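This report describes how parts of one protein model pack together. Look at the structure first, then read on.

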Amino acid sequence: MNIVETAHDDPRTQRLIALQKAHALKHTPPQFGHAFEAGSDKASNVRFFLALDGALPLGCIGLLSLDESTAEIKTMHVLREMRGRGIGRKLLEHAIEEAKAGGATQLKLETGSNEGFAASRRLYERVGFQHCAPWGAYVGDPFSYCMARSI
């Protein structure tokens, strides 16, 4: 498995968009969802990385620089049939290293608070993320769970 960066003018972007479509918010009511779409205009400042098996995309992660010392995981998704193989952890570790290389000393993320996101929260906790207060545009709502860690 390789992890590669994908750019908006790169043909791999269509693979990224396909992965994002698989990342449905079936566990969160639409008014509380913070899903990030790779093909949207908002994605222009986000660096996306794909986990690939040859040309087959297995998962993706997005990384946004919030300021000189803080970065945010904007999205992470691994195809359901590929889960449990360490792909999510490798993507997350890759994003942590990329954030460090960019000068960040803190990494944040927002995920879901309900049972559908329990496995994701456990993964984040295993790599050092802890629950934190909402920041920026995030507000406390019953479906959001904000996390942060030093890097």
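## Helix α3 and its cover

The buried residues of α3 are covered by elements that include β4, α2 (87-101), β5 (106-112) and β7 (144-150), where contact means heavy atoms within 4.5 Å. Helices (H or I, at least four residues) and strands (E, at least two) are DSSP runs, numbered from the N terminus. In α3 (residues 118-126), Ala118, Arg121, Leu123 and Tyr124 are buried; buried means under 20% relative accessible area, exposed over 50%, and partly exposed in between (1.4 Å probe, protein chains only). Just after α3, glycine 128 has a positive phi of about 105 degrees.

This is a predicted model, in which local features need pLDDT of at least 70 and side-chain atom pairs pLDDT 80 or more, while totals for chains, interfaces and linings use all residues. Residues are numbered from 1 along each chain as its sequence is written, and side-chain values use heavy atoms, leaving out hydrogens and water.

## The nonpolar cores

A nonpolar core is a set of buried Ala, Val, Leu, Ile, Met, Phe, Trp, Tyr and Cys residues joined through side-chain atoms within 4.5 Å. The largest one has 26 residues, of which Ile61, Ile73, Leu92, Leu107 and Phe129 touch the most other members. Helix α2 gives the most to this core, with 6 residues. A second, separate core of 5 residues includes Cys132, Tyr138, Cys146 and Ala148.

## Cysteines

The structure holds 0 disulfides, a disulfide being a pair of cysteine sulfur atoms within 2.5 Å. The sulfur of cysteine 132 has its closest cysteine sulfur in cysteine 146, 5.4 Å away, so the two are too far apart for a bond.
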